[in-house]
Amino acid sequence: MSAIFEPSATARDRVVRHPGHGESFTEHMISMEWTEGEGWSEGRITPLQNLSLHPGVIGLHYGQVAYEGLKAHRRADASMGVWRPYDHALRFQRSCRRLAMPELPVETFVAAVDQLINADEGSLSGDPAHSIYVRPIMFGTDTSLMLRPSRTYRFLVMAFVAGGFFGEYVESVSVYASHDYSRAFPGGTGDVKVAANYAPSFLAQREAEAAGCQQVLWLDAVERRYLEEMGGMNIFLVRGQGMQAQVVTPKLTGTLLPGVTRNTILILAERLGYQAVEERISLDQWRTECDSGLMSEAFACGTAAVVTPISRVVDRGNAWTIGNGKPGPVTLALRTALTDLHHGLAPDPDGWLHSAAGH
Ligand SMILES: *Cc1c(COP(=O)(O)O)cnc(C)c1O
């Protein structure tokens with residue numbers, strides 16, 4: 001584990017005082033509008049403030065809303081590094097396209113994120129476990145209850161200060177396989193980041209919590225057998241031990257979100273000498289491979305969750321522990337490799353870390 005994640009007394013105090021994830025907003029926001037014919041307006045930066053909207057806007061009623069989530073970290077030299085913003089910008093374009101919304105140019109997206117980071121980086125303490133989580137969002141603003149795409153849109157960027165998603169340290173989560181609900185289905189919107197994907201998962205999340213779990217594990221909607229992902233994170237399993245280990249994740253079937261972190265982990269796994277595998281794997285097979293000892297680690301990953309070990313699975317009446325229930329060595333090696341890159345502490349041959357002040 002890298003030293004920057006060792007708990008210090010002050011960091012521990014801060015956990016107690018730190019507001020919930022997503023509530024500690026920074027001071028500013030960026031706004032832009034799109035209209036047919038005119039295209040995108042200039043971006044404006046203002047204090048974070050309430051919106052004034054007609055109650056009949058399309059985005060509110062019909063869910064024409066797409067968003068992104070990306071992070072900026074403070075590097076050792078105190079400059080701000082934004083993690084893979086071009087990849088987030090491209091995914092945002094795909095999400096908007098899926099909802100018949102205009103696409104924001106990639107350079108505009110990245111410049112808006114940089115401008116907000118530059119304005120609000122003072123909100124971030126020197127604690128390397130903290131980061132700025134940036135939330136770009138676009139929604140239809142036509143005042144019309146006709147069932148059709150909006151002809152005007154608003155793009156906003158806001159941000160909040162984030163600690164570790166599940167607390168500051170490497171804490172494990174337990175997962176609950178949902179057999180009654182589906183997150184996504186073939187031809188739907190599971191492979192894009194649109195607001196309409198999330199509210200329908202809340203009831204399953206409540207069920208998971210009632211079963212003593214922190215997260216829902218979504219299965220494929222057709223057979224309810226194959227692992228897909230978690231509510232806002234992709235899932236990885238580790239097969240085998242040591243340098244022979246395979247780092248396994250479900251294939252992108254069109255019903256799971258292609259995480260930027262997922263993609264990073266697949267590349268880092270190979271770089272660390274493991275074998276990265278994308279494979280369709282059923283819940284039953286996972287259980288069998290855990291029982292036989294072949295699989296002894298699993299983890300969730302995402303911008304917010306970073307790399308979070310999975311310690312336990314609940315599948316209807318059955319429950320099993322992954323390995324010895326503690327974070328495994330492959331999980332921790334990948335987590336360290338990723339967080340070192342986030343903080344500019346490791347070689348970055350792909351140029352994933354972008355300088356917010358580079359304009
Ligand atoms: C955002 C998200 C992820 C993680 O994607 P990252 O790009 O790694 O943050 C995974 N699954 C879902 C459903 C998500 O919304």
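**View A. Contacts between domain 1 and domain 2.** In this predicted model, 19 residues of domain 1 are in contact with 20 residues of domain 2. Domain 1 covers residues 9-163. Domain 2 covers residues 173-342. Their centres, taken over C-alpha atoms, lie 26 Å apart.

**View B. Area buried between the two domains.** The size of an interface is often given as the accessible area lost when the parts come together. Here domain 1 and domain 2 bury about 1,800 Å² between them. Carbon and sulfur atoms give 60% of that area. On the domain 1 side, Tyr67, Trp83 and Arg91 lose the most area to domain 2. Together these residues account for 35% of what that side buries.

**View D. Elements of domain 1 that touch domain 2.** Strand 4 (65-67), strand 5 (70-74) and helix 3 (85-98) each give two or more residues to this side. Which element gives the most? Helix 3 does, with six residues.

**View E. Residue classes on the domain 1 side.** The side of domain 1 that touches domain 2 has seven nonpolar residues. Five polar and seven charged residues complete the division by class.

Definitions and conventions. Residues numbered from 1 in each chain as written. Predicted model: local features only at pLDDT ≥ 70, side-chain atom pairs only at ≥ 80, totals over all residues. Heavy atoms only, no water. Domains from an automatic or database assignment. Contact = heavy atoms within 4.5 Å. Buried area = accessible area lost by both parts, 1.4 Å probe. Helix = DSSP H or I, 4+ residues; strand = E, 2+ residues; numbered from the N terminus. Nonpolar A, V, L, I, M, F, W, Y, C, P; charged D, E, K, R; others polar.
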